[in-house]
Amino acid sequence: MVHNGLRGRKHLYKCKDCGRQFVGGQRRDKAQVITDYIEGKQTMEQLAEKYKVSSKTIARDLTGMRYVQKISKDKHVVIQMDTTYWGRNFGLMVIKDSLRKKILWRRYVTHETIADYLDGVEWLRNNGFKIYGVVCDGMYGLLKQLSLRYPVQMCQFHQQMIVRRYLADDPELDASRDLLNLVNSITLMDKESFIGAFNEWHDKYKDVLNERVHDKRLKTPPFMRPRLRSAYLSLRRNMGWLWTFYDYKDRVIPNTNNGLEGIFSDIKSKVRVHSGLSKEHRKQLIDEYLMRHY
């Protein structure tokens, strides 16, 4: 028999005013209501219609969602960390076990801060985790702080995004186009080949890179192509963190945070079905969904 969320046994009721007895309908299984809401694509209004009750009754059923943080028993980890946002002031910061795909720690934030990430790492250490490597995005201060204790890999995909923001998708300048093509190939190249190609690019285009505005009135004229310089300097500054996975092959450190991006996409697809939720109800939905799946 297919479980439809209604308990099979009917109940005998008596009216206190008139004394009349009557048989009541099937009762809702509130745990199934929560499962339908979390796992399915039904809104509260659709669930109310399914169970023949009001939307307010379904909302009360959903208050039964009670998130309890479980600490993973697998203590030897390589971690990935990143933050995703819904609008400007509601974000979810996550630290994940890259091998087992478990979310080990999370925090709701209004914006990313180095302090929040370090709090998460400290929580892991205080709970017995041994961290063999960290994958994170391009926050320079975070990379420096974490590198004092752990092998740190900057997500190569984030580095690609940084360069693309500076150079756009189809630059006209040969130097910009060649640098963009190079960084777009970073995940297909080994460390020696990429660094060699990067140095060759610099030797070829250093005059273009360093050319300044021709204005004798200025004591120190600005650079002619500041966005190209910013893209180049970003790569040069982060180069030491882009190949940690290559230098520590025995630790199985991912070179990107794509595993986390997949989780974020999954969560957002789920939240999108239930648009219009308040911030607290959105947190409840996310907490319950992550507890069940990650």
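A charge is said to sit over a ring if NZ of Lys or CZ of Arg is within 6 Å of the ring centre and within 35 degrees of the ring normal. By that rule, the charged end of arginine 229 sits over the ring of phenylalanine 223, 3.7 Å from its centre, and arginine 282 lies over the face of phenylalanine 90, at 5.1 Å from the ring centre.

This is a predicted model, in which local features need pLDDT of at least 70 and side-chain atom pairs count only at pLDDT 80 or more, while totals for chains, interfaces and linings use all residues. Residues are numbered from 1 along each chain as its sequence is written, and side-chain values use heavy atoms, with hydrogens and water left out.

## The sheet

Helices (H or I, at least four residues) and strands (E, at least two) are DSSP runs, numbered from the N terminus, and two strands pair if DSSP finds at least two bridges between them. An open sheet is formed by 5 strands in the order β5-β4-β3-β6-β7, with mixed pairing. At the edges stand β5 (102-109) and β7 (152-154), each with a single partner strand, so one side of each is left without a neighbour in the sheet. On average, neighbouring strands of this sheet are turned by 20° against each other, direction ignored; axes here are lines fitted to C-alpha atoms, for helices over the stretch in contact, and angles run from 0 to 180 degrees between N-to-C directions.

| Strands | Sense | Bridges |
|---|---|---|
| β4 (residues 91-97) and β5 | antiparallel | 7 bridges |
| β3 and β6 | parallel | 5 bridges |
| β6 and β7 | parallel | 3 bridges |

Lysine 96 stands opposite isoleucine 103 in β5, glutamine 80 stands opposite valine 135 in β6, and valine 135 in turn stands opposite glutamine 153 in β7. In a regular strand the side chains alternate between the two faces of the sheet.

## Helices around the sheet

A residue counts as buried under 20% relative accessible area, as exposed over 50%, and as partly exposed in between (1.4 Å probe, protein chains only). Strand β6 is mostly covered, since 5 of its 7 residues are buried. Helix α4 (residues 114-126) lies across β3 (76-85), β4, β5 and β6 (130-136), and runs at about 145° to β5.

In helix α5 (residues 140-147), the buried residues are Leu142, Leu143 and Leu146. Seen down the axis of α5, these residues fall within an arc of 100°, so they line one face of the helix; the arc is that of the directions from the helix axis to the C-beta atoms. The buried residues of α5 pack against β3, α4, β6, β7 and α9, where contact means heavy atoms within 4.5 Å.

Isoleucine 162 lies in helix α6 (residues 156-167) and is buried, with a relative accessible area of 15%. Leaving aside neighbours within four places in sequence, isoleucine 162 is in contact with Met154 and Ser234.

## Aromatic pairs

Rings of Phe, Tyr and Trp (its six-membered ring) pair if their centres lie within 6.5 Å, and planes under 30 degrees apart count as stacked, over 60 as edge-to-face and the rest as tilted. The structure holds 10 aromatic pairs. In one of them, the rings of phenylalanine 194 and tryptophan 243 have their centres 5.6 Å apart and their planes at 45°, so the pair is tilted. This pair links distant parts of the chain, with phenylalanine 194 in helix α8 (residues 191-210) and tryptophan 243 in the loop between α9 (226-238) and α10 (244-247), 49 residues apart. Both phenylalanine 194 and tryptophan 243 are buried.

Phenylalanine 198 and tyrosine 232 form a stacked aromatic pair, at 5.4 Å centre to centre with 15° between the planes. Here too distant parts of the chain are linked, phenylalanine 198 being in helix α8 and tyrosine 232 in helix α9, 34 residues apart, and both residues are buried. Ring pairs also link Phe194, Trp243, Phe245 and Tyr246 into a cluster.

## Loop residues with positive phi

Lysine 101, in the loop between β4 and β5, has a positive phi of about 60° although it is not a glycine, and is exposed, with a relative accessible area of 53%. Valine 252, in the loop between α10 and α11 (258-273), has a phi near 50°, a positive value in a residue other than glycine, and counts as exposed at 62% relative accessibility.
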